[in-house]
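Visitor: I would like to go through the fold of this protein. Could we begin with the sheet and then turn to the helices?

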Amino acid sequence: MHAPRLIELDGVGRVFQTDEGEGVHALRDISLVIDPGEFVWITGPSGSGKSTLLQIIGCLDEPTEGVYRYAGSAVASLDDDGIASVRRDEFGFVFQDHSLLESATACENVELPAIYRAIDSRSRRRRARALLERLGVGKRAEHLPAELSGGEQQRVAIARALMNGATTILADEPTGALDSQTGDEVIALLAGLAGRGHAVVLASHDPAVANLATRCVELRDGRVVSDAPSGDRATSMASLPRV
């Protein structure tokens, strides 16, 4: 018997209502399957539905049409606690602006997701420090975000996304505020996570993603217009950061 697919969207759509009561389609008839170990690049022009798609995959929003299954379970069948549990335990989120607490150290920021799982402080601190070390910012663990470079802040955000052992990493324009070299490093880190079995879904305009992503899904006007292998895959997984 085959194991269920990790992420499966079948005819998913999302309609928003304007103040005038008119329906605006952000997504239309999205059918998509993503499995562990895939690094999927979601691309398309601004307003094509990239962020909305990530929000639905991450259980931050609900489709108004179609069915979304995660690990074989229809998300719509889960109650509020079930959805919160899936969102907390299965997903890690990385955003363009890092979304770090300015008053908390790098280590404290990484620990945050584990607090919601009631993990004891000693275990939280040990895991957070280990993640920061693996991502190359262990020496910056006690620094505040304002004392970190943009690239260091994004590494901290990735460590936070991994804190609860997320199966799926969702990244929305994670290189948008970074210079090209630092952005390339962040993309390589995310590709390395896919190499370790995580599903990585990255929405971005950055063409550098093409060289490391396994697939490119292009959206236009809320529809998938292309779903194909991405890049030349010249960089072997062995050469990617082991994170």
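Guide: A word on terms: two strands pair if DSSP finds at least two bridges between them. Helices (H or I, at least four residues) and strands (E, at least two) are DSSP runs, numbered from the N terminus. This is a predicted model, in which local features need pLDDT of at least 70, side-chain atom pairs count only at pLDDT 80 or more, and totals for chains, interfaces and linings use all residues. Residues are numbered from 1 along each chain as its sequence is written, and side-chain values use heavy atoms, with hydrogens and water left out.

Visitor: In what order do the 6 strands of the open sheet run?

Guide: The order is β6-β7-β8-β3-β9-β10, with mixed pairing.

Visitor: Which strands stand at the edges?

Guide: Those are β6 (91-95) and β10 (223-229); each has a single partner strand, so one side of each lacks a neighbour in the sheet. Neighbouring strands are turned by 15° against each other on average, direction ignored. Here axes are lines fitted to C-alpha atoms, for helices over the stretch in contact, and angles run from 0 to 180 degrees between N-to-C directions.

Visitor: Parallel or antiparallel: how do β6 and β7 pair?

Guide: β6 and β7 (residues 168-172) pair in the parallel sense over 5 bridges. Valine 94 has alanine 171 of β7 as its bridge partner. Helix α2 (residues 80-90) packs on the sheet and touches β6 and β7, with its direction at about 65° to that of β6. Contact means heavy atoms within 4.5 Å.

Visitor: Turning to other strands, what does β4 pair with?

Guide: β4 (residues 65-70) pairs with β1 (residues 7-17) in the antiparallel sense over 5 bridges, and aspartate 10 has valine 67 in β4 as its bridge partner. β4 also pairs with β5 (residues 73-74), again antiparallel, over 2 bridges. There, tyrosine 70 stands opposite serine 73.

Visitor: Which residue takes a positive phi in the hairpin of β4 and β5?

Guide: Alanine 71 does, with phi near 55°, in a hairpin that has 2 residues between the strands. Most residues other than glycine have a negative phi. Alanine 71 is partly exposed, with a relative accessible area of 40%. Buried means under 20% relative accessible area, exposed over 50%, and partly exposed in between (1.4 Å probe, protein chains only).

Visitor: And histidine 98, is that buried or exposed?

Guide: Histidine 98 is buried, with a relative accessible area of 9%. This residue lies in the loop between β6 and α3 (106-115), and has a positive phi of about 70° although it is not a glycine.

Visitor: Now the helices. At what angle do α5 and α6 cross?

Guide: The axes of α5 (residues 150-162) and α6 (residues 180-195) come within 10 Å and cross at roughly 15°. The two helices are therefore roughly parallel to each other. Angles under 35 degrees count as roughly parallel, over 145 as roughly antiparallel, 65 to 115 as roughly perpendicular and the rest as oblique. Among the contact residues are Ile158 of α5 and Leu189 of α6.

Visitor: How does α4 lie against α5?

Guide: The axes of α4 (residues 121-134) and α5 come within 9 Å and cross at roughly 135°, which makes α4 oblique to α5. Arg127, Leu131 and Leu132 of α4 meet Val156, Ala159 and Leu162 of α5.
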